[in-house]
Amino acid sequence: MSFPILSTLIFLPLISSIFILLSKDKTNNNSSIYISLFGSFATFLLSLFLWYSLDVNTSEFQFVEEKSWINDFIKFKLGVDGISILFLVLTTFITPICIISCINSIRVRVKEFLIAILILETFMIGVFCSLDLVIFYLFFEAGLIPMFLIIGVWGGPKRVYSAFKFFLFTLLGSVLMLVAIIAIYWITGTTDITQIYEIKIPKEYQNILWLAFLSSFAVKMPMWPVHTWLPDAHVEAPTAGSVILAAILLKMAGYGFLRFSIPMFPIASEYFTPLIYTLSIIAIIYTSLVALMQDDMKKLIAYSSVAHMGYVTLGIFTLTKQGIEGSIYQMISHGLISAALFLCVGVVYDRLHSRMISTYGGLVNYIPKYSLLFLIFALAALGLPGTSGFLGEFLVLTGTFQKSYLAAMLATFGVVLGAAYMLWLTKRVIFGVANNSEIKNLKDVNKSEIGMLATLAFLIIFFGFYPLPLMETFNVSVNSLIYNYETALTSN
Amino acid sequence: MIYNLNIIFPEIFLSLSIFSVLMIGVFIKKSFNLIFNLTSLIIIITIMIISSSPNDTEKVFSESFTRDAFSNYFKILILLSSLFVLNSSKNFIVENKLDKFEYPIIILLSILGMFFMVSANDLILFYLGLELQSLSLYILASIDRDNLRSTESGIKYFVLSALSSGLLLYGCSLLYGFTGSTNFDLIASQLNKENTGAVFAMVFILVGLAFKVSAVPFHMWTPDVYEGAPTSITSYFAVVPKTAGLALLIKFMFIPFSNILLEWQTIIIFISIASMILGAVAAMIQKNFKRLLAYSSIGHIGYALAGVATGTISGYKSTIVYITIYVIMNIGAFSCLYLLKKDGQYKENISDLSGISKKHPLLAISLLIILFSLAGIPPLGGFFAKFYVFVAVIEKEMYALAIIGLLTTVLSAFYYLKIIKTIYFDDSLIAFESTKNRTAQISILASCSILITFFLYPSILNNLVDTLFIG
């Protein structure tokens, strides 16, 4: 058996968190920060190596590891394909950025914070690697514990309410998925998804199981109308928490649709397409309108996340090549853009301790570097051509036009609204006159902040002009996903 | 007739030791420490005797006493949990002046009673075992006899428990009347649906047993007794008799009542759902940690009973796995209570926990692990306990039970989160004395490390339990 590279990837952050636990630094937390940076960078490099050595010309799962776990019942099975590798790299890329960001923003219990982030990274990597439903569920749910603590311990004034809402909403959605997973085990005799793909779940069970999975993914996505936990969680979470939440945790659901819902329940996926269209369109238009009315920057970005995730669900369930590729692209690019925007809010929040839009104004006159970066990210978020945000939305809309003109037109309208709230936000925060004397004394971004933000800006523009590295990676996997879906429908 | 006394050797050894220790207690003054240590030693020796005895099924005394893998498993579980409960509570016992020499001896007597309960294959022996256990527990509940709450809880427990014993005895006599035998195997062969009287008897027996494991609607005594009794006793109550009661319940369903599955199944499903819901809802408003644990234990019994409700061997197995993990979690949870000392007083209100994460980070993280595990969040041990139960439940296509059960886990997650919120999110109010309570710390460490590492090898308990139902 070859080297268990995926297990190493999963447990590397966990092991570094144990080292942090054992490290003894009383006055400052330098050694904890170095250990966590080292651990998360090592994980990132390992995942890059994985991406590099992945064969993109096959849709088979690679680096598969299999170990008997719960005797002759569930195997501990890991593996990646062209779709999951990108989420994996996104996870390992965002985590070091979060750790760097917390140097500036976290003041109390830094050690515990780093441990929580690293344990969360372990669980997130586990979600994207698992090829077994029970393992997936295990990692999917386990992520709640560190995230709950991150929001609750280091969060803002209403943190308790937000943390509870986050935890209970997600748990409520997930328990139905657990019932469905166990039911699948008794129907097919296995929870190994590669085997379930081949066995094919009988038609009469598909709809109900699909809905059970939806209940979990819809909350996590989040789709309208169960999105209400997200703005609360984002507003109260510390910067690093918001970044992880927006960049990675939300992607788990989109990934879940691609990995589980569509291949396992193709007939149900087709049957429920109108439902998803409706919910996505409502999410896009309604939450965009809500975003327009926000006076809290984080809340505005949170609502814009819901709208962007609306494009993702729309794209996935067009079940066309363009739609699905666009969704994946949108998820990766949203992972970068929303992370960048939350970091930007974090930067000014650390200085003025206010997230209110009205506090700011005229920033461009005093902190120009920051303003430039903010502008780039805002334009990327509204989908300006030349940024990665454009490509995702464009492909999704192309895919949607093939299936439904009405949905596509309404979604396009959402793009206009997106431009409206993003530009208005920029106008009120970056331009205009400073109506607050403290703004004049603001310090511009420091080295570590400019490092993170410039890297993100570079990637957003790079992938805006040159999408090939990403497209190439998931192309074959998406083709086979659609092929399997269509054969399942025709054979029905 | 010559009996093979080897088969009841653990029981003989235990009774003889109890009498010898009692003599020591009577004749030597201030002998609590000596007797306490001897008791631990006796428990350890008994564990060794049982684990070295073979697991094949043997029945003696006109087939009224069974020794099999099932009874051995439960005996070891009972002994191990008593050992941990007893030792982690030693400081508490001494500091609260409960260090009477009778204390450990009565615990041993109740263990002996439970031994007969799990080994019984006959109504008479089962009832005698149950009563020996119950009488010991009445005394234990009111052992702090100068304390009003302890006495009150003892009386409450005695009156209600005596009532349930009466119902149980009534059921037993009906069963004997309608089947003509007191032997479990013979009853099983006599019972069928047409035997209405026996079905009637089954209901009475079920009520009695539900009372002993504190399942809704026979749970009323639990919160009061848990709150009123000294913490050391409460932890014993929460862990050991529950295990024995559940073992007995499984045994009744598996042997004498196996032919009237459809009749008792509905009752157990009702009891299970009611316990899960009540445990979750009532715990939300509790302010006392012990009372909260009482309601949480009611909820947990509901989940354990969901496994029994399937009426399948895999269901019973999942219940046994559940109760084992439940025991591990509760030993940890109660041991934490022994560390919450301030000005010579043990605190038991949830609000006393506020902000302990800053001053006592290790205690806080242990409580965090135990509480998330009690809530059944993966990857901790408590998740697997629930997972196995629901696998068995869904195998029988009892989807309603599974969905209600899992929804109540969300409800119950709420109150566990409330405690975690108090520990981690609130500001610290009081600092506890850093007590040197090594035994309690060891119990917490053992419990937490099992719960954390359980996911590495989650089939370890299943492998053990798989052998129990061959006989």
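How do helix 4 of chain A and helix 11 of chain A run relative to each other, roughly parallel or roughly antiparallel? Figure 1 takes that up, and keep in mind throughout that this is a predicted model.

**Figure 1. Helix 4 of chain A packs on helix 11 of chain A.** Here we're looking at residues 110-129 (helix 4) and residues 239-264 (helix 11) of chain A, whose axes sit 11 Å apart at an angle of about 15 degrees. Angles under 35 degrees count as roughly parallel, so helix 4 and helix 11 of chain A are roughly parallel to each other. Their crossing is left-handed.

**Figure 2. The side-by-side residues of helix 4 and helix 11 in chain A.** From helix 4, the residues in contact are A:Phe113, A:Ile117, A:Leu120, A:Met124, A:Val127 and A:Phe128. Helix 11 answers with A:Ala240, A:Ile244, A:Ile248, A:Leu249, A:Lys251, A:Met252 and A:Tyr255. Sort the residues of this contact by type and you get 12 nonpolar, 1 charged and no polar.

**Figure 3. Where chain B meets chain A.** Chain B puts 36 residues into this contact, and chain A puts in 33. Together they bury about 3,300 Å², with carbon and sulfur atoms giving 83% of that area. Looking for salt bridges between chain B and chain A? The count is 0.

**Figure 4. A salt bridge within chain A, between A:Glu449 and A:Arg351.** Over all chains, the structure holds 20 salt bridges. In this one, the side chains of A:Glu449 and A:Arg351 meet at 3.0 Å, N to O. A:Glu449 belongs to helix 20 (residues 447-465) and A:Arg351 to helix 15 (residues 321-352) of chain A, so the pair ties together parts that are 98 residues apart in sequence. As a reminder, side chains of opposite charge can pair when their charged atoms come close.

Figure 5. You'll find A:Pro222 in the loop between helix 9 (203-220) and helix 10 (229-236) of chain A. B:Pro217 sits in the loop between helix 9 (196-212) and helix 10 (221-228) of chain B.

**Figure 6. B:Lys30 and its positive phi.** Phi of B:Lys30 comes out near 50 degrees, a positive value in a residue other than glycine. To find B:Lys30, go to the loop between helix 1 (9-27) and helix 2 (32-52) of chain B.

Technical notes
Residues numbered from 1 in each chain as written. Chains lettered and ligands numbered in written order. Predicted model: local features only at pLDDT ≥ 70, side-chain atom pairs only at ≥ 80, totals over all residues. Heavy atoms only, no water. Axes fitted to C-alpha atoms, helices over the stretch in contact; angles between N-to-C directions. Helix = DSSP H or I, 4+ residues; strand = E, 2+ residues; numbered from the N terminus. Parallel < 35°, antiparallel > 145°, perpendicular 65-115°, else oblique. Left-handed = near helix turned anticlockwise from the far one by under 90°. Contact = heavy atoms within 4.5 Å. Nonpolar A, V, L, I, M, F, W, Y, C, P; charged D, E, K, R; others polar. Buried area = accessible area lost by both parts, 1.4 Å probe. Salt bridge = Lys/Arg side-chain N within 4 Å of Asp/Glu carboxyl O.
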